[in-house]
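Please keep the sequence and the model at hand while reading.

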Amino acid sequence: MSCVKRGRNENMSDYEEILELFQVAQPKGYSLEEVEAAEERAGKMPAELRKFFLRFGKSPELRGLQDELVLPDCVHSCLEGEYVIFFVENQGVCMAGVKKSDACIPDPPVYVSVGEGEWKKSADSVSEFLKGMYGYQASICLPYNTEEFYWITHEEKELIERKFTKRPEKIKNWLYEWDIIVFGDNNEGRIALMENGGEDVIQMQYAANTEKELQRMREYLESVGEPI
């Protein structure tokens, strides 16, 4: 069966914003041999995912976060399914992967497990997912953070939307089917909002890689929301 080429065929995504956000001075990737061994076991990876593993997959600044990038053959329980898994929630509640049938699409959609045998679309492309996911990780894991999560109202969300720059990437159906929206005026910090259409409140967290940027965000956000 032939594969229809769609998605980003040329000029595959650049990840400079992730490198700046996590202050990755010397990116480190998996070797070609390691990636090919993972593909032999787990399934062929799309070009964009392959590129990310080869260039950045072993960068220590991008590892050990709240949730984790994994080389596909490390997720032993999921190798026989329809998806090549590459990102895992820290407690195993959900996983992100690309369809094996989409391997020939350079930058294909990403799907998230939401129940036993059930998957839902999370992002239109691997590049969108990675930028959105690392923006979300930054809102929790950057060194200067509030150390708290907050509940905010929909009215307070509108205030944040007016004050801060919304990033174009959005993650859907992560962690109990929450949608994640990320804000950041620069690559020094991120604010993440997690919402579920059936809930009246929204979860917020924010963090920065400089004390100055955290204080700038806090000057506006300290009166927004209630600690969880």
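Glu177 forms a salt bridge with Lys120, and the closest N and O atoms of the two are 2.6 Å apart; a salt bridge is here a side-chain nitrogen of Lys or Arg within 4 Å of a carboxyl oxygen of Asp or Glu. Glu177 lies in helix H6 (residues 174-177) and Lys120 in strand E5, so the pair ties together parts that are 57 residues apart in sequence. Helices (H or I, at least four residues) and strands (E, at least two) are DSSP runs that are numbered from the N terminus.

Glu177 is partly exposed, with a relative accessible area of 31%, and Lys120 is partly exposed as well, at 30%. In these terms, buried means under 20% relative accessible area, exposed means over 50%, and partly exposed lies in between (1.4 Å probe, protein chains only).

## How the model is read

This is a predicted model, in which local features need pLDDT of at least 70 and side-chain atom pairs count only at pLDDT 80 or more, whereas totals for chains, interfaces and linings use all residues. Residues are numbered from 1 along each chain as its sequence is written, and side-chain values use heavy atoms, with hydrogens and water left out.

## Other salt bridges

How many salt bridges does a search of the whole structure find? The search finds 13 salt bridges. One of them joins the side chains of Glu34 and Lys58 (2.9 Å, N to O). This pair links distant parts of the chain, since Glu34 is in helix H2 (residues 32-42) and Lys58 is in the loop between helix H3 (47-56) and strand E1 (68-69), 24 residues apart. Glu34 is partly exposed, with a relative accessible area of 29%, and for Lys58, also partly exposed, the value is 29%.

The side chains of Asp124 and Lys121 meet in another salt bridge, with 2.9 Å from N to O, and Lys121 is partly exposed at 39% relative accessible area. Salt bridges that share partners also join Glu36, Glu39, Lys44 and Arg50 into one network.

## Aromatic rings

A pair of aromatic rings is described by the distance of the centres and the angle of the planes. Rings of Phe, Tyr and Trp (its six-membered ring) pair if their centres lie within 6.5 Å, and planes under 30 degrees apart count as stacked, over 60 as edge-to-face and the rest as tilted. The structure holds 15 aromatic pairs. Among them, Tyr83 and Trp119 are stacked, at 4.0 Å centre to centre and with 15 degrees between the planes. Tyr83 lies in strand E2 (residues 83-88) and Trp119 in strand E5 (residues 118-123), so this pair ties together parts that are 36 residues apart in sequence. Tyr83 is buried, with a relative accessible area of 9%, whereas Trp119 counts as partly exposed at 22%.

Phe86 and Phe129 form an edge-to-face pair, with 5.6 Å centre to centre and 80 degrees between the planes. Phe86 is in strand E2 and Phe129 in helix H4 (residues 126-141), so that distant parts of the chain, 43 residues apart, are linked. Phe86 is buried at 0% relative accessibility, and Phe129 is buried at 0%. One aromatic cluster is formed by Tyr15, Phe22, Phe52, Phe56, Phe86, Phe87, Phe129, Tyr134 and Trp174.

## Cysteines

How many disulfides are there by the rule used here? The count comes to 0 disulfides, a disulfide being a pair of cysteine sulfur atoms within 2.5 Å. For Cys141, the closest cysteine sulfur is that of Cys94, and because the two sulfurs are 15 Å apart, they are too far for a bond. Cys94 is buried, at 2% relative accessibility, whereas Cys141 is partly exposed, with a relative accessible area of 29%.

## A loop residue

Asn196 has its place in the loop between strand E10 (189-195) and strand E11 (202-208), and this residue counts as partly exposed at 23% relative accessibility. The C-alpha atoms of Asn196 and Ile180 are separated by 9.1 Å, and these residues are 16 apart along the chain.
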